[in-house]
Structures are given as C-alpha cells and as structure tokens.
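Subject: Structure handover

Hi,

Here is the structure I promised to pass on. Please open it and keep it beside you while you read my notes.

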Amino acid sequence: MITHPRSVPSARCTEPHTSSSEEGFSLIETLVTMLLLVGVVAGALDLFDGSNKLARTGTHVAGMQQALRSGQYELIRMVRMAGRGGIQQGPLPEGLAVAIRNNTPTSGDERYISVGDSDSPQVLAGTDVLTVRGAIASSIYQINPLGGGLILDAPQTPTSGSIRVRNPHPTTGVPQDLTLLIEAVENETHAALLLVSPLDIWTVVEIDRTASDVTSDPADIQIGFKIGAVTGTTIVDYFTQLSGGFPIGLRSAAHIALLEEYRYYVREEYAVEGDDESALVPKLVKARYYPNTEVPHPSDPALGAEVSDNVVDLQVALGIDLDGNGSIIDGAVEPTVTLRDDEWLFNSQDDVNEDGDPIDPERWNPIGSAPDLYYLRINTLARTDRPDRGYLAPILTEVEDNDYSSGEHDRFNDTDERRYRRRLLSTVVDMRNL
C-alpha cells in the first residue's frame, strides 16, 4: 500500500490586528481631558483660596474682638477704682477722681498727652482722654485718730508734718502690710500720699524721704511729708491743690493711701515712625503721671503702656443724676426726652461747642455740692489688623459726641479705611467709689 504524505496547509498572509483596548487617545480627546482637568484644579484652588481668605478674615476679626474685650476690661477695672481711698469727684469734666479731656483737637497744647509738651506722644484727634485717680494698687492703711498719729508743724498754716503707721493696727489688731509704703519712701522722689480724716476731709501731700523713718522698726514707721501751696507751681503744690489747699478741718487722720493717676488715650502712631503719610496704626495706651501734674511717673517715662492695638476711638459719656431721683435719662437714645432733661454729658454733639467743651457747664455742676456722677459709659471702636479688599464697612456717623462727618475723623470714612472691618463696644460702669 502506498501512503501519501500528510498535506501541509499553505501559510496565509495576515494583517496585524490591534484590539480596541489598545488604541490611543486622539488629539481632541486629550485636549478636552486637559481642559477638564484644568477646570477641576482651578476650581479646587479657587475654593482653597476662598477658604484661606475666610480663615484670615476670621483670624483678624477674632484679634480685633480680643483687643476690644481686653481694652474694655482694663478700662472698666480701673474706672471702678476711681476715687478709692476717699478722693472726691469735684467739678466736671475736669474732675478729681475722674476727669475727661473731650474730643482732642487737631492742633494745640491738648493734642499731646502731656498738655503742652510736644515731646510727649500725640493723642489721636477727636478721641477722648480718660483720667483716673485713686488708691489703685495701694492698700488703705488705718490710722488711730485718737493716738496722735498725725503731727503738723503749724496747726493753722502747716507746711510739713508726719504720720505714724503700725502693723498690726494698735487698737483693732488688723494686719497691715506696709511694704508699698516703705518702698515709696525709699524709692520715689515725689510719692503722693492721700490723708483722710474721720469726717472724710482729705488732702494730698508729698512724702518727704528725709523726714521719714521706715528702717528702725518696719512694723512701726513714721512718714514725713511736705504740704504745698495753692499758688505754687512745684509738684507738691499741685498735689495739695487737688483739695484746694490743706483743709483747716484736717487735724487727725483715719486712714492714708498712696494716690495714683492714670490716663487712657488713643495714641496716634504710623507704620513708619514719623511719617504721617504711612498707614495709621493707633493703640489704646495707659500712661501714669504724678497726680494733677504733667510729669510722668518714673515707672512709665515713655507714657506708653499699651493696652490694645488698632483702637481708633475712645469716647466717654458721664451719667449724672441731676434731679436726684436715682435714675439717669439718656436723651440721645430717647427721642421724647428734651435736651434739658438729658442727664448724660458728652453723649451728643448738642452738649458741646466747637472746642468740645460743655455748652452749659453750670448745669452739670450744681452750686454748693459735687455732681452726682453715677455712671461712665465707655466706648471703644476697633478695627482689624489688615484691610479686606473685598469688603467695605458701613459709613461711620458718630460715636457719642464725636462727629465722623467732619474734621480729621472723617478720614475713617475714606474707601481705604472702610476696607477694615470695625466693631464698637460700649459698657456702662457704675462709679461705686463715688
């Protein structure tokens, strides 16, 4: 049998084939994809930028609110101490325990925190200066009025004297820490000492370091003092002038204290020191003085203990009980109240003349008695640290008696200033020591 070899199929020519899953993108598809990707990234970046701006704004607003709160807290705390130790109010607004320099002018002596001293810091025009006097940090030291604690060199016209203070009090046994008194005698050149009689008759004298003895027995000290003259111009004279001279009825003392004076003001500062064309960066500042003088206390020679940044206005109104009924009527917020019935001073432009002084000073100071100052309303206006280019604050009209439509303060209604977010905080403080 003859067998034939298996036939081998002939090879076929085939074209290479590429599946659809291996095909590339066309140019149009690539461009569309890239455009979509760019849009998504741009949207994400825009969302991120908006969130970032919102976070920055929130941070600036939080900082501003914190500045307002801390400033108000400091002012309230200090005002509540006004008059502590026995110093009275005196005529308003240039009072004794509390004094107001209203609406600082754009020029002149009162533009400076030390009146007339052009080397002292400038007060931001239109703002108020609040002065507080009292035994702020000092204890009130009890004296035995029957124990001969007060000695005067001449009973009728004294020019010097001394006072004895003991720890504990010799009759009550109450402990008295004499540390601050001893430090004042040893370290201060012109320490102010408040003397108060059992009948609340008071005066302020200057501690005489050379006539004092605080080392022989630190629990039984003798403090010498100088008494000023009403017509004099030295520091001791200004001390005694607070009470109109040394009172003839002050022949024994019930208590004494170290008297302090602080002034709160908005200091005019600029981003570039000395360049008023640069950005304004105002600050709420506390300055310490020897009482009733323009002499800085040695603990604060620069007159600049900063309280809060970016405070652009400080306004103070005085609530005075003119009719003695125990309530204070605010004519600025009660439309039915006439100007003559309004018992708040410096709450309206109708209260003051073009210089910011009361139009009717006699009305606020009853003849024969001190004004019944019940309340202080403290207003602080702050702004954020930086402007917000996408924001425009409302137009400012007035804060108490400060008119923002005219004068130097109208600059706060310029567009650049309105880019800052602003907040006003107002607090009514009870004058509990008066």
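Where does serine 138 lie? Look in the loop between strand 2 and strand 3 (141–142). Before you go on, note that this is a predicted model.

A polar atom of its side chain lies 3.2 Å from the backbone nitrogen of leucine 258.

Now go to threonine 293. You will find it in the loop between strand 11 (283–289) and strand 12 (305–309). Threonine 293 is buried too, because its relative accessibility is 3%. Its side chain reaches the backbone nitrogen of valine 295, at 3.1 Å.

**Salt bridges**

How many salt bridges does the count come to? The count is 16. Here are some of them.

Start in helix 1, which covers residues 27–79. Arginine 77 and glutamate 74 meet there through their side chains, in a salt bridge of 3.3 Å, N to O. The two residues are three apart in helix 1, so about one helical turn separates them. Is arginine 77 buried or partly exposed? Arginine 77 is partly exposed, at 35% relative accessible area. Glutamate 74 is buried, at 14%.

Glutamate 74 also forms a salt bridge with lysine 286, at 3.2 Å, N to O. That pair links distant parts of the chain. Glutamate 74 is in helix 1, lysine 286 is in strand 11, and they are 212 residues apart.

Next, find glutamate 268 and arginine 111. Their side chains meet in a salt bridge of 2.3 Å, N to O. Glutamate 268 is in the loop between strand 10 and strand 11, while arginine 111 is in the loop between strand 1 and strand 2, so this pair ties together parts that are 157 residues apart in sequence. Glutamate 268 is buried, with 13% relative accessibility. Arginine 111 is buried as well, with 5%.

Which residues are linked in a network of salt bridges? They are Arg133, Glu261, Arg263 and Glu294. Take a closer look at glutamate 261. It is found in strand 10, residues 260–267. Glutamate 261 and glycine 134 are 127 residues apart along the chain, yet 6.9 Å separates their C-alpha atoms.

**Surface patches**

Which residues form a negative surface patch? Select Glu94, Asp109, Glu110, Glu354, Asp355 and Asp357. One of them, glutamate 110, is found in the loop between strand 1 (98–101) and strand 2 (129–134). Glutamate 110 has a relative accessible area of 38%, so it is partly exposed.

There is also a nonpolar surface patch of about 330 Å². Leu27, Leu31 and Met34 make it. Methionine 34 lies in helix 1.

**To try on screen**

Select glutamate 74 and trace its salt bridges to arginine 77 and to lysine 286. Then select glutamate 261 in strand 10 and pick out the other members of its salt-bridge network, Arg133, Arg263 and Glu294.

Best wishes

Definitions and conventions
Residues are numbered from 1 along each chain as its sequence is written. This is a predicted model: local features need pLDDT of at least 70, side-chain atom pairs count only at pLDDT 80 or more; totals for chains, interfaces and linings use all residues. Side-chain values use heavy atoms; hydrogens and water are left out. Patches are made of residues with over 30% relative accessible area and no salt bridge: like charges are joined within 9 Å, nonpolar side chains (Val, Leu, Ile, Met, Phe, Trp, Tyr) within 5 Å. Accessible areas come from the Shrake-Rupley method with a 1.4 Å probe; for residues, only the protein chains shown count as cover. A salt bridge is a side-chain nitrogen of Lys or Arg within 4 Å of a carboxyl oxygen of Asp or Glu. Lys and Arg count as positive and Asp and Glu as negative; His and the chain ends are not counted. The place of a charge is taken as NZ of Lys, CZ of Arg, CG of Asp or CD of Glu. Helices (H or I, at least four residues) and strands (E, at least two) are DSSP runs, numbered from the N terminus. Buried means under 20% relative accessible area, exposed over 50%, partly exposed in between (1.4 Å probe, protein chains only). A polar contact is a pair of N or O atoms within 3.5 Å; within protein, one must be able to donate a hydrogen and the other to accept it, and residues adjacent in sequence count only if both atoms are side-chain atoms.
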